[in-house]
Amino acid sequence: MQHHTGTLKTWKDDKGFGFIKPSSGGKDLFVHIRDFGNIPRKPRVGDIIHYQPIKDREGRLRAADVQIEGLSRNRTVSQKRSQPQIPVRNSRHQTSNNSGRPKQLSRVVSAIIFVMVGATVYNALPGGSPPAPVQNGSAEHSTAGVQNDNQRILQAYRNHQSNLQVSGTGEVVKLLPDDLEGSRHQRFILQLSSGITILIAHNIDLAPRLNSLRTGDSVSFNGEYEWNNKGGVVHWTHRDPKGHHPHGWLEHNARRYQ
């Protein structure tokens, strides 16, 4: 497919998106930081952009497969590793060496099943170890894990790092108006235990809104961190409909939003 060309007309670094003005004329196209792939710097207003126009779920045009003219990139989403070739067995020697593998595999699987069943029975007996309780309303992150991720975000902020998948918990210190440019985002600011504040940009075209959110509430999150000089932004707090990006989420009052 032939790429189109345009100029980056606006770019909101704190939100990770902007708009391209097509060289051929017409309406400006929405573009997200994820569509640029791995690039050595942030997009800048005035960059010459090569892209493919596609339609989103609402039928609106947006840019995909984006490349800044003169800037190399690595495609992390669309490219897949080639499948390893399976060697052809063309000798009796190879066949005889592999003939015992199915039996060995069967024995290993049987042993694993035996251990799992034994552990289940043991836990069901009086005095057996009960399941570990879920902390902070999430089965995926313990309190220690959340603290570690909060420190990881602090390090990312100090090192100006972006495109990091992170989780954490913070207190809502400010509610902001929704961002209605392009995809709609619910926005609020969290203060982490490390002391820094981050902006949560939650796509409410793809995930439910946190309607009961109030200042002072505790919110847990899992999403992608983008650096800015105010502390950073966490977005992708939702499922990726195409399955290319790790699924994110928000948790508030024991409910998960994704």
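Which residues form one aromatic cluster with Phe 17? I started my notebook there, and the cluster turned out to be Phe 17, Phe 19 and Phe 30. A reminder to myself before going on: this is a predicted model.

**Entry 1: rings**

I looked at the rings of Phe 17 and Phe 19. Their centres are 6.3 Å apart and their planes sit at 85 degrees, so I wrote the pair down as edge-to-face.

I then looked up the total, and the structure holds five aromatic pairs. One of them is Trp 11 with Phe 36, an edge-to-face pair with 5.7 Å from centre to centre and 85 degrees between the planes. This pair links distant parts of the chain, since its members are 25 residues apart. Trp 11 belongs to strand 1 (residues 4-12), while Phe 36 is in the loop between strand 3 (29-32) and strand 4 (48-55). Both Trp 11 and Phe 36 are buried.

Nonpolar side chains tend to be buried together in soluble globular proteins. Here the largest nonpolar core has 21 residues, and Ile 198, Phe 221 and Tyr 225 have the most contacts inside it. Helix 3, strand 6, strand 7 (185-192), strand 8 (197-203) and strand 9 each give this core at least two residues.

I picked Ile 198 and listed what it touches, leaving out residues up to four places away in sequence. Its contacts include Ile 153, Phe 188, Leu 190, Phe 221, Tyr 225 and Val 234.

**Entry 2: Ile 20**

Ile 20 is in strand 2 (residues 17-22). With 0% relative accessibility, Ile 20 counts as buried. How far apart are the C-alpha atoms of Ile 20 and Thr 7? I got 5.5 Å, although the two residues are 13 residues apart along the chain. Beyond its neighbours within four places in sequence, Ile 20 is in contact with several residues, including Thr 7, Leu 8, Leu 29, Val 31, Ile 49 and Tyr 51.

I moved on to strand 11 (249-252). In a regular strand, side chains alternate between the two faces of the sheet. I checked both sides here, and both faces are covered: Trp 249 and Glu 251 are buried on one side, Leu 250 and His 252 on the other.

Which strands does strand 11 pair with? Strand 9 (residues 218-226) pairs with it in the antiparallel sense over three bridges. Phe 221 stands opposite Leu 250 in strand 11. Strand 12 (residues 255-257) also runs antiparallel to strand 11, joined by three bridges. There, Glu 251 stands opposite Arg 256. I also noted that the charged end of Arg 256 sits over the ring of Trp 249, 4.1 Å from its centre.

**Entry 3: positive phi**

Most residues other than glycine have a negative phi, and I collected some that go the other way. Two residues lie between the strands in the hairpin of strand 11 and strand 12, and there Asn 253 takes a positive phi near 55 degrees. Ala 254 is in the loop between strand 11 and strand 12, and its phi is positive as well, about 65 degrees. Ala 254 is exposed, with a relative accessible area of 83%.

Asn 163 has a positive phi near 60 degrees. I found Asn 163 in the loop between helix 3 (143-158) and strand 6 (164-179). Its relative accessible area is 40%, so I called it partly exposed.

**Entry 4: Thr 237**

My last stop was Thr 237, in the loop between strand 10 (233-235) and strand 11. Is Thr 237 buried or exposed? Its relative accessibility is 0%, so it counts as buried. The Thr 237 side chain makes a polar contact with the side chain of His 202, at 2.7 Å. Setting aside neighbours within four places in sequence, I listed its contacts, among them His 202, Asn 203, Asn 222, Trp 249, Leu 250 and Tyr 257.

Notes. Residues are numbered from 1 along each chain as its sequence is written. This is a predicted model: local features need pLDDT of at least 70, side-chain atom pairs count only at pLDDT 80 or more; totals for chains, interfaces and linings use all residues. Side-chain values use heavy atoms; hydrogens and water are left out. Helices (H or I, at least four residues) and strands (E, at least two) are DSSP runs, numbered from the N terminus. Buried means under 20% relative accessible area, exposed over 50%, partly exposed in between (1.4 Å probe, protein chains only). A polar contact is a pair of N or O atoms within 3.5 Å; within protein, one must be able to donate a hydrogen and the other to accept it, and residues adjacent in sequence count only if both atoms are side-chain atoms. Contact means heavy atoms within 4.5 Å. Rings of Phe, Tyr and Trp (its six-membered ring) pair if their centres lie within 6.5 Å; planes under 30 degrees apart count as stacked, over 60 as edge-to-face and the rest as tilted. A charge sits over a ring if NZ of Lys or CZ of Arg is within 6 Å of the ring centre and within 35 degrees of the ring normal. Two strands pair if DSSP finds at least two bridges between them. A nonpolar core is a set of buried Ala, Val, Leu, Ile, Met, Phe, Trp, Tyr and Cys residues joined through side-chain atoms within 4.5 Å.
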